[in-house]
Amino acid sequence: MAGRRRGRADHRPTRRPAREGDDMSVDWELLLSRLADELTTKGKLSSPRWQTAFRATPRHVFVPEYFQQDSKTGDWNKIVVDHPEAFDMVYSNVALVTDVDDGRGVSSSSMPGLMTRMLELLDVHDGLNVLEIGTGTGYNTALLCARLGDQYVSSIDVDYVDAAQRRLASLGYLPHLWTGDGIDGIPDRGPFDRIISTVAVSHIPPAWFHQLADGGAILTDIKVNPAAGNLVLLRKRGDISEGRFDAGRACFMDMRHPDQPDPPPAADRAGGTPVRSMTNLSAVAWEQPVPWFLTCLALGTPIDVGYLLDDDYRPVAARLSARDGSWAEIDTTDAHPHAVTQAGPTRLWDAVERTTQIWNAHDRPAWDRLGLTVTADEQRVWLDSPDGPALGHLGT
């Protein structure tokens, strides 16, 4: 839904007056100040301009309720933010699930420390035109408005936009909001000087590339598989957008699309004679972030991960499975080396072994040694420099 544009001579944030429905027994301004101090001390909120914006933006306005999952039953319980314990949670450096569908969280308010770190990485300046992919609750949108002024902020989401618009308006912000598929950006609002995505994507959508101004930057979470990817910051120079993955870690929910069909069902578990071997690697391959990313990049197909449990629901093996029916099980008991059993047209554990060897051969690079070059024709992941070894390509 489009909000009207308006100019503002002075976009410095101000304190919001008390509103009907506020719990006046809770000093949320004190809680917000403590959170800001915590993030500043940890180096996640360094810029004085962002500190001012953060301290003037009440998170509970955008998270009036959240969900907590029962660790025993798996049920989700709705928590209304109308009592001190809930306010304490909202003003903590934690992610909060804000929508649940079919037994799983589908939207969240990210960790404030991650949001401020990303906003500072984005390197915004006065007068820049910013596109946010994934409006969600509207909290991150509000931070952008507080820093830049709402006339410079556009945001798109497949859902939640009406609620976010009301919350933003309650603070006096009227950015340009749109309900639609974030993969398309907002063509009539570009070109954008900055694009920030608070949802994970498997590659850089062409629309983002084309709507980014020359010299502009894209910050997004690249995920080629669950737990396989990280933030990347790209700068555009002519026909190329290029940059490095972030040294830290981030994990966002996947981008959703309107009328998104369910994924195709996985093929039946492949039959035939399983192949058995031994491995010295960790059985839980996905806990090694960089080599697991390289593995999923090389395989180029969704990989499901999980555990095989015994009768007492204790994990006895890590399990990998692919859509073509391929599978691998790796013993997680204390035995070492670990026994591996795999079958199917794709030898999943063999891929883990190969990419780990490549990772070791390059002195176990951390995230910030990996980078991405995006052109109209390819999206290439590289090591150390754009002309360094190619580690794989993102699908388009």
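Biologist: How many cavities of 30 Å³ or more does a search of the whole structure find?

Modeller: The search finds one. This is a predicted model, in which local features need pLDDT of at least 70 and side-chain atom pairs count only at pLDDT 80 or more, while totals for chains, interfaces and linings use all residues. Residues are numbered from 1 along each chain as its sequence is written, and side-chain values use heavy atoms, with hydrogens and water left out.

Biologist: What makes this space a cavity?

Modeller: On a 1 Å grid over the protein atoms alone, a cavity is a set of points where a 1.4 Å probe fits but cannot get out. Residues with an atom within 4 Å of a point form the lining, namely Leu-294, Ile-358, Trp-359, His-362, Pro-365, Leu-383 and Leu-391.

Biologist: How is the lining of the largest cavity divided into nonpolar, polar and charged residues?

Modeller: Six of its residues are nonpolar, one is polar and none is charged.

Biologist: Why is the contact between Arg-117 and Asp-246 called a salt bridge?

Modeller: The term requires a side-chain nitrogen of Lys or Arg within 4 Å of a carboxyl oxygen of Asp or Glu. For Arg-117 and Asp-246 the N to O distance is 2.3 Å, so the pair qualifies. Arg-117 lies in helix α4 and Asp-246 in the loop between β11 and β12, 129 residues apart; helices (H or I, at least four residues) and strands (E, at least two) are DSSP runs, numbered from the N terminus.

Biologist: Why is Arg-117 called buried?

Modeller: Buried means under 20% relative accessible area, exposed over 50%, and partly exposed in between (1.4 Å probe, protein chains only). Arg-117 has 18%, so the residue is buried. Asp-246, with 16%, is likewise buried.

Biologist: What makes Arg-49, Asp-126 and Arg-147 one network?

Modeller: Salt bridges that share partners join them. Asp-126 meets Arg-49 at 3.2 Å, N to O, and the closest N and O atoms of Asp-126 and Arg-147 are 2.7 Å apart. Arg-147 is buried at 7%, whereas Asp-126 is partly exposed at 45%.

Terms used: On a 1 Å grid over the protein atoms alone, a cavity is a set of points where a 1.4 Å probe fits but cannot get out, and a pocket is an open set with protein on both sides within 12 Å along at least five of seven lines; lining residues have an atom within 4 Å of a point. Grid points are joined across faces, edges and corners, and a volume is the space filled by probe spheres set on the points. Ala, Val, Leu, Ile, Met, Phe, Trp, Tyr, Cys and Pro count as nonpolar, Asp, Glu, Lys and Arg as charged, and the others, Gly among them, as polar.
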